[in-house]
Amino acid sequence: MPDTALVRRARKIDRVLAETYPDARCELDFDDAFQLLVVTVLSAQTTDKRVNAVRPLLFAAYPDPAAMAGADRSHLETIIGPLGFFRAKTESLLKLSQALVETYDGQVPGRLEDLVTLPGVGRKTANVVLGNAFDVPGITVDTHFGRLVRRFGWTEQTDPVKVEHEIAALFPKRDWTMLSHHLIWHGRRRCHAKKPACGACPVARWCPAFGEGPADPEAAAALVRTEGRA
Ligand code: SF4
């Protein structure tokens, strides 16, 4: 069991981040679980903004797993070309949609244990889909989340699955999805990997890593991004 002081501090930080980022949500656009699954896979090594830009064309051409499973490879490559790694990503989408058609009757399954059997889908992607398309609470351990929870001293683990389990023990299940959004937004806007904006951080007083970036308010304010990136 985690100690009470740690739990209290962690929940306080989450509450303050929730107030700071009331619009925190999944920054990838989607209309249904299939779209979210696909755009999450596509978001590797690129920005959510770029993925959002190709989404309309992609799903106008291939609105469901059956359509995408039968896609013309070079046409699909052309659509997702702006995202980089387009050959590998096209291969992933073809395999993913074929597996959905063959194993899940063309539907995205709503259980973690099924989602992770799909080609190219790990726990991170599965938890994004569960939390945002199925309302099943999930913790998304991406690079921002991992960095922040270690800075906060909530865990020392670096393995994403261990991180997920240790953080899950600090929060009620119903909070897991929004907690993920709050931390990812904070990581994208203030608590950067290099030069976090410590002097302009609303949770600085509870953060053991305060001072890792500039503590001077003016210098820190210059580092704050109003819009997320990556
Ligand atoms: S004080 Fe600095 S390291 Fe801590 S959360 Fe804020 S920006 Fe990140």
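Trainee: Is Asp-48 buried or exposed?

Mentor: We sort residues by relative accessible area, using a 1.4 Å probe and protein chains only: under 20% is buried, over 50% is exposed, and partly exposed sits in between. Asp-48 comes out at 11%, so the label is buried. Quick heads-up: this is a predicted model, where local features need pLDDT of at least 70 and side-chain atom pairs count only at pLDDT 80 or more, while totals for chains, interfaces and linings use all residues. Residues are numbered from 1 along each chain as its sequence is written, and side-chain values use heavy atoms, leaving out hydrogens and water.

Trainee: Which side chain meets Asp-48 in a salt bridge?

Mentor: A salt bridge here is a side-chain nitrogen of Lys or Arg within 4 Å of a carboxyl oxygen of Asp or Glu. From N to O the gap is 3.1 Å, and the partner is Arg-188.

Trainee: How many residues apart are Asp-48 and Arg-188?

Mentor: Helices are DSSP runs (H or I, at least four residues), numbered from the N terminus. Asp-48 is in helix H3 (residues 48–61) and Arg-188 in helix H11 (residues 176–189). The pair links distant parts of the chain, and the separation is 140 residues.

Trainee: What separates Glu-91 and Lys-95 in helix H6?

Mentor: Glu-91 is partly exposed at 28%, and Lys-95 is partly exposed at 43%. Their salt bridge has its closest N and O atoms 3.4 Å apart. Because they're four residues apart in helix H6 (residues 86–104), the separation is about one helical turn.

Trainee: By this rule, what does the count of salt bridges come to?

Mentor: Another one joins Arg-111 and Glu-113, at 3.8 Å. By the rule, the count comes to eleven.

Definitions and conventions: Helix = DSSP H or I, 4+ residues; strand = E, 2+ residues; numbered from the N terminus.
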